[in-house]
Structures are given as C-alpha cells and as structure tokens.
Amino acid sequence: MSSSQGPAGPSPKKSQRVERVAIRFAGDSGDGVQLTGTKFTESTALAGNDLSTLPDFPAEIRAPAGTLAGVSGYQIHFASADIRTPADQADVLVAFNPAALRACLADVRAGGMVIVNSDAFTDKNFERAGYTEDPLPALHERYRVVEVPVTRLTFEALKDLSLSQREAGRSKNFFALGLLYWLYGRPLEATLEWIGSRFEGEIREANRRVLMAGYHFGETSELFPVSFEVPRAKIEPGTYRNITGNTALAYGCVAASVCMDRPLVVGAYPITPASDVLHELAKHRSFGVKTFQAEDEIAAVSAAVGASFAGMLGLTVTSGPGFLLKQEAINLAVVAELPLVIVDVQRAGPSTGLPTKEEQADLLCALHGRSSDSPLPVLAAATPSDCFSIMIEAFAMAVKYMTPVVVLSDSYLANSAEPWRLPDVAELPRQQIRFRTDPDGFFPYVRDDETLARPWAIPGTPGLEHRIGGLEKQDGKGNVSYLPENHQRMTDLRHAKIARIAQDLPPVECHGADAGKLLIVGWGGTHGAITSAVDEARAAGHDVASVHLRHLNPLPPNLGEVLRRFERVMVAELNTGQLSRLLRAEFLVDAQSLTKVQGQPFKVSEVRSGIDRLLGVA
Amino acid sequence: MAEPLAKLTKKDFESDQEVRWCPGCGDYSVLANVQRVMPELGVPRENFVFVSGIGCSSRFPYYMNTYGFHTIHGRAPAFATGIKLARPELSVWVITGDGDGLSIGGNHMLHVIRRNVDLQILLFNNRIYGLTKGQYSPTSRVGMRNKSTPMGVIDYPIEPSAFALGAGATFVARTVDVDAPGLQEVLRRAHDHRGAAFVEILQNCPVYNDGEWAAIEDKKTRVDTALRLEHGQPLVYGAKGQRRGIRIEHGVPTVVPLRDDEDPIAAGVTVHDERAQSPAYHFALATLAPPEFPIPVGVLRAIERPTYERMLQSQIESAVEARGPGKLDKLLRSGDTWTVEG
C-alpha cells in the first residue's frame, strides 16, 4: 500500500463499517487516561452512537509510575444499536505503557487491535510491569499490534514551542485521542473547543497541535490501512447529554428540591466513590443548596437530620464505611420519623476494601444494619441516568411517609456514563410539602390515616412547640414512654408505615416473558449486564426472562406472584447472595444464586453462562 | 412582635413533663434559670430550639416548652449545626455534659466551635458520668476513685473552657449551677453573642460526685474561691483582709496579695480584657485552678468573627446575584448536548 502524504483533502484510505466497538484506554494514573476516555465519549455521543462507558482507576492518586498498581483504565462501548454495558471485551486496547498492556490484555478479544506507545516499551518499564522481556513480539499471533512512537511524535509536534520536556510529555494523551478520532471517524470540533476554553497559552497550543498530529498520523501512516465507521444508532428523539451516575444523582437531588420547592441541605464527608456527588452539589448554591462538609460521617448525617427537623430536605451521601458510621443517626431518624435521604454509593469491602471498585454488598446493611427493629425504605438505581429519577422518588417518599430513605448506587453506576434523554422539567412530578401549622389537636405522633406518617411540625411555628428524640415515644402524644404495650405498638406502627409504601409502588414488569422456565432477578447496577444476557439467551432460543428490582424495601406487591410464574429463579448480584437470601425468606422460593465479588461488574457472558448452566444447556 | 413577647414568663417555658433528675441535682437550678432568662431575650418562643445528646443533662429539652430534639450521644453539636444552617433565624441551644460533649462528642465540639456556628452551647460539667451510674469522665481528676477505676483515675483531665479556647472559640464563659445571678448574666451574654457561645456550667452531681464544686458553690467560701470576671476591671478576689489579685504575665499567673484599700492596678494586677484577639491570656485564665488560684467565673472571652451560617447564606446570595436563581432546565442542559430528530 502506498502511503498518502497529502495533509489536506479527503483521506484516500478505505473506511469499513462496523456495528459496535469497545475501546479500552489504559496507562499510568498520571497519563490522562480518564480525560482521554471522557473526551472520546463526548465525541462519540455527538457522532450519534449509543454508548456505555466504564472508568477503572486505582485507589492511589499517583502510584509508582509504570507499575501495575498505577494502571488507570477507561472503556467505552459504542454502537449503531441499543447497548447496555461497557462490553465484556475490548476490540481495541490503547496501552500507554507495558504495565497497562499487562493489566488489560486479558480483556482484549482475540484478533483485537493493540495500540501501544512504543516509546514507553523500555527495559526499565518491562521490569516495572513484571515482564522479563519485550512482550510485543509474542502478541502478533493473537492480536493486531500497532506500535506508535507516541512520545517521540508528540515532542516532534511541539519542538518549536518553549515547553519543558515534562510539560510537552503531558500532551501525549491527546495524540492517542486524535489518532482514535481518525480511526473511528469522530468529530474533532467539540474537543478543540474544549481545549480552547480549558487551557491557555502554549499549553493550549500544544494540546491542540498534538490532537491534530495524532489525527493526521492516522490519516497518513501506513500503520492504519483502514478507518472504521460506526453508523448512528436509532435513538428516541429528544435532546441528550452524557451523564455519569454521580452527576445524575446530584442533579436528581437538585430536581427534588425544585419539584418540592424546598431547599436542600447536604451533610457529607469526603469518601470514594461518593465525593463527586458532594462536589457537584457544592456548585449549585444558586438553587439554595447548602452543602456542609462535616468533620466526619456521623456529623454529616446528623446535620442532615437536624436540617430535616428544621424543615429542609436533608441529604447525606456516602459509601460503605461511612454508611456504617451513620447508622446510629439514621436509627434516630427512624424513631423521630423525620424525612431524610441517605445515599450509599457502594464499593467493594468489607472495611476499606477496594475503594474504587465495584460491589453491591451493602443491601443487608441498609435493611438490617441498625440496632433493634428499624425499618426504612431501600431503593436501588439501575443505570447511570436512573440515578436522577430515583432521587426525586426518594425525597418524595421520605416526605410523604416521614421516614429516612436509603438509596443504593454503586461504584460502577457512579463513574460509568451513558447518553441520557433530558426530561421535560415541566413534567417532573411535583409534590407540595404541607407542614403542620394548626395547633388544634396537634400532637407530634398523631398519624395520617393513609400513610401513617406523623406531622412535620417545624420550629418557628407558633403553638406547635414539641420535643422529639431517641427515647421511645408514646403513640399519638409523643411523650417519653417506657410502657411495654406502647413499645410493641410503636414498633408495629413503624413497620406498618414502611410496609404501606408498597401501595405506591408500580408492579414489577418482566423483561422477555411473563412466565416460563427461568427468571433472573437483579437489582442495582447489574441491570445492563443481566438484560443483555437475557436478550442473548432468548435470541438463542432459551426460555428465560428477568425482573430488576428498584424497590428492595418494601418489595413490589406483585413480586411473589411473579416469582411463582417461573419454574426456576436465579438471583444475580455482586455479593455473596444477599437478595437471594431475602427472597428465600420472604417468599419461600428456591432461589438460586449467581454471585461475583471481584471488584468488577458482571460481564454479559458471566450472566449468560449462569443462565445456560441453570437451563442445562451449557 | 415585641408586645406578645413581653407577656411571656418563666411558666411559658415549662413543659408539662415531670422533671426527673435526682433530688439535689444541679440541673434543677440551671433549668430554672434558663426558663427565667428565656422571656427576656426578645425571641418568640417558637423560635427556640433546644438540642441535646445523651446523659443526665441531655434530658433538658423535654422540660422546656420550646422546640426540642434529644439526639444521640455526643452528636448534638452536629444536629444543631444542621438546624442552624438550615434556619439561621432560630435561636438554637445545645445542652451537653462533660462526657457527652468532650468524650464521645469531643470531635464535634471542636468543629462546631472552630466554625463559629451561632449557637449557645451549655456544657454541664460535673466531672462524672451520672446516667450510666458513676464512671469517670474526661474532666474527672487524677486519682479519683469510682466504679470503673477502683484504684483511681490515671487519665489526665481536660479543662472544658481551655479546650474551647484551643478550638478557636469566639465566646467562652464559665458559671456555677447555684449562682443564679451569675448564671443568668452569662446566659444573656451567650445569647447576645453572634457565633458559637461556649458556656461551662460547674454542676454538682449529688449522687456520684457530690461536693466536687462545694467550695465555689458555698456562699461563704465563694468569695475566696471564685474570681468574678468583668471586662475592664482588675482580677481581684477574696474577702476583706484576704484581698488578692491575679497578675498574668507572658501566660504565667501569680497571686498578688492586696491591702483592702490598695489600688490593684497600681499593684500590677491584670485588667480583664475579654476582647483580646489572642486567646493566650484567656487560656491562662481558663486554667487557673485551686488550691493555688481561684476559679474564674463570668465571660472569659468574647470577640467578633463572622458566623458560619451567615457566610453560607451570603454565598447563596452572591451566587444568586451572579447567576440568577437556579434554573433546573438550564442545569440539565449544561455541558455538551445533542438533539436526535424524530
């Protein structure tokens, strides 16, 4: 093939049409991998593909350069059709160093493309990555290996600027980005605009030049004989943006505040992977959002409960270890019957565990992790964009039933992104808050007939002065009471109130079929993998369906009946079988369990194998 | 609003609940004095909120006919912070003790003080755990014998007022449970102060640590054991013929014997300055202790500094001023959007 040297004009190279592609960027955590992935994602959205992404970064901010511990990855899956997961395997790996290659190679499909920064493939880096020799020669049999001297080409593009070698080296991720833009026909404009607004002076010029150099390199180098075209996906009309779970969650909280016309008070303490929710909410003072970075997790939730007592929408956001610390204050909110929303962005544990990694193992802790009988509603978001609507629902539930509500997200939902069709703000569910103002017949624990909720009587209201607290209260009047029958009654009432929430829940709907041989039950962030696996299995002719639970307490009223319509039930979850235990206890159903705790989300293939095994077709 | 307020009396602040502290407990006196001061503060009753943690003193809110929240052990400052930043117009009072406020809740006490949240914090210091029946507290003296240390306490105690000063308190006062006029004056000052007003109340536990403060509670000995602080006045105490002053130089206190007619200032006695920006002098005052020294009572420190909830409020106001009130639709559309046509 002859190389085309013309810098201008249309590329003479061939373009090949593909329906779906998964690309993994990987490098040192200081290589700008997350930024590269994010920018590629934005351009891919603008190109009209459906997409799903998954960042995978180490807990250390800057682990020793070149080591496996420091590898940061970002996978994007995009397609001309509807997709729900970041893909089990990558079609393309962009490895900035040998450690990145070593960490990610197992996730690249046979025959896939491996693009490496050959300048980083040095003896020293082999050693750091634990390779005894250059791994590349052995790869050619199984992969299409493309060696690109990214560092050298970056310096070349910047040689007439006065940047230090170190500064110039920082631009090299833009080379890779430009190259991939060419390879998959992504538009450059949005990224160029972003560079223009984000950087200044020579750094801006450097990033722009290196992005273009990467793009032109793809166009002109013989290393890439073809580029690929992924046609636009058929997508429901509307205005879209990309959204991560954490951003959607924060927006959902602001939306709840707008919908209920009540300011939000957020108590939070920094913790991975939930901190981004605090960061996002802290930007929105113009909505009256009061964020309070407390001295610890306990103070964070306590301040939120205090704000609720004072009549605001109290919120606290945390992850597993912080969630545990909050439980005593949550218990107080259960007894004081105050509205409060607690978000637990779950991560792999126990204890500090794997702080940046995926797991959904706090379900039983949310349901039963407090002392004594302490019922509260538990909800779980299914997709990144679902984190938006679930917050509106959670706040509405908290206020209507005067109860703390736990919302479970997870590390995967928090950081992965998907296109989100923007809702019509005017059509979001509004809920008018009615504080008690009438002193006539007022007692703090007089209950609403329909919801069993007690009145929300806030300080500043004349004639409603009253005291609440953690000591057991007399039913109705709310005075401290140690009477045996009163404690029985209050315990029963607290349970009955939460159980009553089921009256508001929509029935669960099955995906695939309403009855049959096998039902997969899932909850939370595994929605994409489970649904995709069920679709695959059904396409292969297997009798399988799925339900995905958003409401873990109370459970949807028709769930028991749905479970009985299937011969077998299997619960797929990223823990050691927490929901399956619940379903067995609740419905006496012989639920099987498909579990995984490796700090990673389910692969579609893993759920699929579970289905095949249970159906005896494996 | 002034008119109906004027009609309120102590009775209006008494709840219908039977007070259940032990007979002779110092808390009764504190409660009565708080109820007596409330009507004078110019605050509508419905705007008072009493927040407590766990312990004998933390039952306090149940006895006040105001809004009240009896929370969890040690965390009252955090709940109160949430209430105050949510509703800055409320008058929020934290009731805590030496165990609740300085042991399990020491961290929250530190931070609520350094943030200067506009609260009144009344710390009842009886140097014992009463509700759990008599274990030593972080303010108990070394060597004290009790249920959990039959051979004597080996923890060095913390001095609450010094702790508050170390945390950057803008207002620190100390008073005595049975000293009604002194207590009421301190409560009024604490209320008028804008910021975290820390008040240590020396309080007797008649059951588990009776007589801990006897020398300063007893009207006969008080004149020699209490150093009454008044801004701009020299640090003088002692009965006739026993008159003494305190000189604090470079943080080091000394007792200055005075003749009854002697000018203390000329004799080198320090003049109390509650407004000194540096807390070094206040710290020296806070740590004066018997038997060499009297116990200072009254306002140790009172300085002005912007409060947390006001600064938070002003951030909101300036954000609204700069960007206008938040528009949800605009927020959702921030960043890159694209439109798919039907």
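1. Polar contacts between the domains of chain B. In this predicted model, four residue pairs are in polar contact between domain 1 of chain B and domain 2 of chain B, both residues of each pair being at pLDDT 80 or more. On the domain 1 side, the elements that give two or more residues are α9 (219–225), β7 (226–228) and α10 (280–286) of chain B. The largest share, three residues, comes from α10(B). By class, this side of domain 1 has 10 nonpolar, two polar and three charged residues.

2. The salt bridge at that boundary. The count between domain 1 of chain B and domain 2 of chain B is one salt bridge. Look for Asp224(B) and Arg244(B): their side chains meet in a salt bridge, 3.3 Å from N to O.

3. How the two domains of chain B are laid out. The domain assignment puts residues 2–233 and 273–309 in domain 1 of chain B, and residues 235–271 in domain 2. Their C-alpha centres lie 28 Å apart. Each side gives 15 residues to the contact. Together the two domains bury about 1200 Å², with 71% of it on carbon and sulfur atoms.

4. A helix pair within chain B. Helix α3 (residues 76–86) and helix α5 (residues 106–115) of chain B have axes that come within 8 Å and cross at roughly 35 degrees. From α3(B), the contact uses Pro77(B), Ala78(B) and Thr81(B). From α5(B), it uses His108(B), Met109(B) and Val112(B). Four of these residues are nonpolar, two are polar and none is charged.

5. Chain B against chain A: the area. Here 60 residues from chain B meet 71 residues from chain A. The two chains bury about 5400 Å² between them, 63% of it on carbon and sulfur atoms. In chain B, Tyr67(B), Leu332(B) and Trp338(B) lose the most area to chain A. Together they make up 16% of what the chain B side buries.

6. Arg115(B) forms a salt bridge with Glu295(A), and the closest N and O atoms are 2.9 Å apart.

7. Which parts of chain B face chain A? The elements giving two or more residues are β2 (67–70), α3, α5, α11 (308–323), α12 (328–332) and β12 (337–340) of chain B. Helix α11(B) gives the largest share, eight residues. The side of chain B that touches chain A divides into 25 nonpolar, 22 polar and 13 charged residues.

8. Domains of chain A. The assignment gives three: domain 1 (14–229), domain 2 (241–427) and domain 3 (516–615). The C-alpha centres of domain 1 and domain 3 of chain A lie 36 Å apart. Six residues of domain 1 of chain A are in contact with 10 residues of domain 3 of chain A. The area buried between these two domains is about 650 Å², and carbon and sulfur atoms give 48% of it. Arg84(A), Thr85(A) and Asp88(A) supply 76% of the area that domain 1 of chain A buries here, more than any other three residues.

9. Charges between domain 1 and domain 3 of chain A. The count is two salt bridges. Lys603(A) and Asp107(A) meet in a salt bridge through their side chains, 3.6 Å from N to O. The domain 1 side divides into one nonpolar, one polar and four charged residues.

Definitions and conventions
Residues numbered from 1 in each chain as written. Chains lettered and ligands numbered in written order. Predicted model: local features only at pLDDT ≥ 70, side-chain atom pairs only at ≥ 80, totals over all residues. Heavy atoms only, no water. Domains from an automatic or database assignment. Contact = heavy atoms within 4.5 Å. Buried area = accessible area lost by both parts, 1.4 Å probe. Salt bridge = Lys/Arg side-chain N within 4 Å of Asp/Glu carboxyl O. Polar contact = N/O pair within 3.5 Å; in protein donor to acceptor, adjacent residues only side chain to side chain. Helix = DSSP H or I, 4+ residues; strand = E, 2+ residues; numbered from the N terminus. Nonpolar A, V, L, I, M, F, W, Y, C, P; charged D, E, K, R; others polar. Axes fitted to C-alpha atoms, helices over the stretch in contact; angles between N-to-C directions.
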